[in-house]
Amino acid sequence: MSNRGGRQIAKAAALVMALFVVSRVLGLVRQMVIGALFGTGGDLDAYLAAARIPDMIFMVIAGGALGSAFIPTFADHLAREDRPGAWRLASAVVNLALIALTVTAGLMAIFAPALVQTLIAPGFDSSQQALTASLLRLMLISPVIFGISGIVMGALNAHQHFLLPALAPSVYNLSIIGGALLLRPRIGVRGMAVGVVVGAALHLLVQVPGLLRYGARYVPTLGLDNPSVREVGRLMAPRMLGTAITQLNFVVNNSLASGLGEGAVSAINYAWLLMMLPQGVFAQAVGTAAFPTFAEQAARGEQAEMRSTLAATLRSVFSLCLPAMVGLLVLGRPLVGLLFERGAFEVTSTEAVTWALAFYALGLVGHSGLEIIARAFYAQHDTLTPVWVGGLAMGLNVALSLTLPGVFRLAGWPPHAGLALANSVATLLELVGLLVLIRRRMNGLEERRMLAAFARSGLASLAMGAVLLGWQAMLPDAGALVLGGGGVLLGAAVYLGAALLLRVEELRAVVGLVWH
């Protein structure tokens, strides 16, 4: 990344990536603790099914939808040096989000039992449904708090401040770990639900010093006559629809998995979180750092600079996620065994998670690319295009989710793995569609360099995969620590060496980014 935007992203991404590593490691520790305490049993299925609804409320009203609309509009005020206007906008958005989130969460709490029985987990028995409804009511407090925290995060990122927002997820993970370890002996799985609520509060509080640093001013207004607030609403509307479709798809998957036997909901959740580990460290970190720069370049009308920044960012992300995908495919079983197989998490749980992980891994490149490409549209104040493309993809996802588990069962494979494959196929097609559309809008994406970089990274990843397969064949009786932990180190070394031989420039840029 040689241009100004690239250097700005690199500097921010180095910090964000390091803190995302900490957050993801803590998230992994959280899952290890949960696995040891609850395995893939019915109580954990209930917790995960209940947690999906608060996540959906936050993401639809004040999560990705609001961030994609708020940051570009807030950045416009900063570009014009209109700081009072920026904070009036932030205050109005906070107030409106609080009203919407409180009303929605309250209604969900009232109708929790009916929602669980008909939509969230119809395949659970009555006692498990009652537990799910109880957990849901408790965790519905968290999206209200996260709504404020998400807006604060957007405001700080628009100031090119990434430290405190990147620290917040780590505090959240620590709270859930504490709830699981300290409260489980007295209140069981409800301890994690308490940890979720406390963690949401800490997620917000850790960012407050950043607001003070930038002179934030709260204004008690709804700003309904404010053109900037209306612009946020205009940009949010299609994005809310797209996010709702995406989140509904997760609910449908959980609902379908609830009828595939005890542990199916937990298995796909473990696999999903493990697949999202490299996606979060690489793609989300870079995407978080890139978005304010994209927005700034778009606001200034610097299309050539934005095209170069976007293309370089995509190449760098692909150079990291291709080997991660191959690594998860080859090392899936020993990694799952190494990380989770202890306590209540038995060999059968390892097998169930490994199957789902293999098919989720196929979509890693798609999920990673979407983190970047969607933000390029949002930075141009276009939230509609990613929504209708994503809507088509999610429709395909739901259709495949209804059919593939049956196909897998006929083939003698665990049916829940079909849900993972459905997600991967739909996500990859979504990425292809958005790449075609952004290429037309940006008058190209340096396609030759993109294809060449993808091919070189792909060859280096295949070489790594071949070595890892040989490694496993040579040590058939080795434990998970040798095959999993040793395999990760060996794979990283092989990929790095192959990438250097094949002159994968993007990897050198990433290494330089982290080093500096």
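Glu 446 lies in the loop between helix H17 (416–441) and H18, where helices are DSSP runs of H or I of at least four residues, strands are runs of E of at least two, and both are numbered from the N terminus. The model is a predicted one, in which local features need pLDDT of at least 70 and side-chain atom pairs count only at pLDDT 80 or more, while totals for chains, interfaces and linings use all residues. Residues are numbered from 1 along each chain as its sequence is written, and side-chain values use heavy atoms, with hydrogens and water left out.

Most residues other than glycine have a negative phi. Glu 446, although not a glycine, has a positive phi of about 55°, and its relative accessibility of 25% makes it count as partly exposed, on a scale where buried means under 20% relative accessible area, exposed over 50%, and partly exposed in between (1.4 Å probe, protein chains only). A positive phi, near 60°, is also found at Arg 503, which sits in the loop between helix H19 (480–501) and helix H20 (505–515) and, at 61% relative accessibility, counts as exposed.

Helix H18 covers residues 447–474, and its 28 residues should span 40 Å at 1.5 Å a residue, which agrees with the 40 Å between its end C-alpha atoms; the expected span is 1.5 Å times one less than the number of residues. Among the buried residues of H18 are Met 450, Ser 457, Gly 458, Met 464, Leu 468 and Gln 472.

Ala 295 belongs to helix H12 (residues 264–299) and is buried, with a relative accessible area of 3%. Leaving aside residues up to four places away in sequence, Ala 295 touches Pro 72, Ala 75 and Ala 379, a contact being heavy atoms within 4.5 Å. From Tyr 218, Ala 295 is 77 residues away in sequence and 24 Å away in space, C-alpha to C-alpha.

For the protein chain as a whole, there are 20 helices and 0 strands. Its radius of gyration is 22 Å, close to the 24 Å that the globule rule gives for 516 residues, so the chain is as compact as a globular protein of that length; the radius is taken over C-alpha atoms, and the rule is 2.2 Å times the number of residues to the power 0.38. The C-alpha atoms fill a box of roughly 65 × 60 × 40 Å along the principal axes. Buried residues make up 58% of the 516 residues, and among contacts between residues at least 6 apart in sequence, 84% join residues at least 24 apart.
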